[in-house]
Amino acid sequence: MTFQALFDHSSIGILISSLDGTIQKANAFVERTFHYGPGEMLGKSIEILIPPELKQKHIQDRKNYNLNPHPRSMGASLNLRAVRKD
């Protein structure tokens, strides 16, 4: 099985963004979860998924991470919130 097949048919959401937070790839699970059509998220800022009151903090956290990248678990034991298109 290829990476693309694993990405496309994964039973979990996978989203890939550039260092500046631009969404490069989002699998079908992510698109369905956030109510976007195929390819509709591409080129948009990842902050479209962040609640308004958390956007500035997320932007700063992303910049800080880019300055000092390190392995970490995304959302491990956290109650995360996100924004759907609708």
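Visitor: Why does Glu40 count as partly exposed?

Guide: Glu40 has 29% relative accessibility. Buried means under 20% relative accessible area, exposed means over 50%, and partly exposed lies in between (1.4 Å probe, protein chains only). So Glu40, at 29%, is partly exposed. One caution: this is a predicted model, where local features need pLDDT of at least 70, side-chain atom pairs count only at pLDDT 80 or more, and totals for chains, interfaces and linings use all residues. Residues are numbered from 1 along each chain as its sequence is written, and side-chain values use heavy atoms, without hydrogens or water.

Visitor: How confident is the predictor in this chain?

Guide: The mean pLDDT (the predictor's confidence in each residue, from 0 to 100) is 92 for the chain. Of its residues, 97% reach 70 or more. Confidence is lowest in α1, with a mean of 89. Strand β2, residues 23-26, has the highest, at 97.

Visitor: How many helices and strands are there?

Guide: Three helices and two strands. From the N terminus, the order is α-β-β-α-α. Both kinds are DSSP runs, numbered from the N terminus: helices are H or I with at least four residues, strands are E with at least two.

Visitor: What makes Glu40 and Lys85 a salt bridge?

Guide: A salt bridge needs a side-chain nitrogen of Lys or Arg within 4 Å of a carboxyl oxygen of Asp or Glu. Glu40 and Lys85 meet at 2.3 Å, N to O, so they qualify. The pair links distant parts of the chain, 45 residues apart. Glu40 is in the loop between α2 (28-33) and α3 (55-67), while Lys85 is in the segment after α3. Lys85 is partly exposed, at 45% relative accessibility.

Visitor: How many salt bridges does the structure hold?

Guide: Five. One of them joins Arg62 and Glu47, at 3.2 Å, N to O. Arg62 is in helix α3 and Glu47 in the loop between α2 and α3, 15 residues apart. Both residues are buried. Another joins Asp86 and Arg84 at 3.1 Å. Here Asp86 is exposed, at 64%, and Arg84 is partly exposed, at 44%.

Visitor: Why is the pair of Phe3 and Phe7 called tilted?

Guide: The count comes to one aromatic pair. In it, the centres of Phe3 and Phe7 are 5.9 Å apart, with 35 degrees between the planes. Rings of Phe, Tyr and Trp (its six-membered ring) pair if their centres lie within 6.5 Å; planes under 30 degrees apart are stacked, over 60 edge-to-face, and the rest tilted. So Phe3 and Phe7, at 35 degrees, are tilted. Four residues apart in helix α1 (residues 3-9), they are separated by about one helical turn.

Visitor: Is Phe7 buried or exposed?

Guide: Phe7 is buried, at 3% relative accessibility. Phe3, at 54%, is exposed.

Visitor: How do you know that the charged end of Lys25 sits over the ring of Phe7?

Guide: NZ of Lys or CZ of Arg must be within 6 Å of the ring centre and within 35 degrees of the ring normal. For Lys25, the charged end is 5.0 Å from the ring centre of Phe7.

Visitor: Which residues form the largest nonpolar core?

Guide: It has eight residues, including Ile23, Val30, Phe34, Tyr36 and Met41. Such a core is a set of buried Ala, Val, Leu, Ile, Met, Phe, Trp, Tyr and Cys residues joined through side-chain atoms within 4.5 Å.
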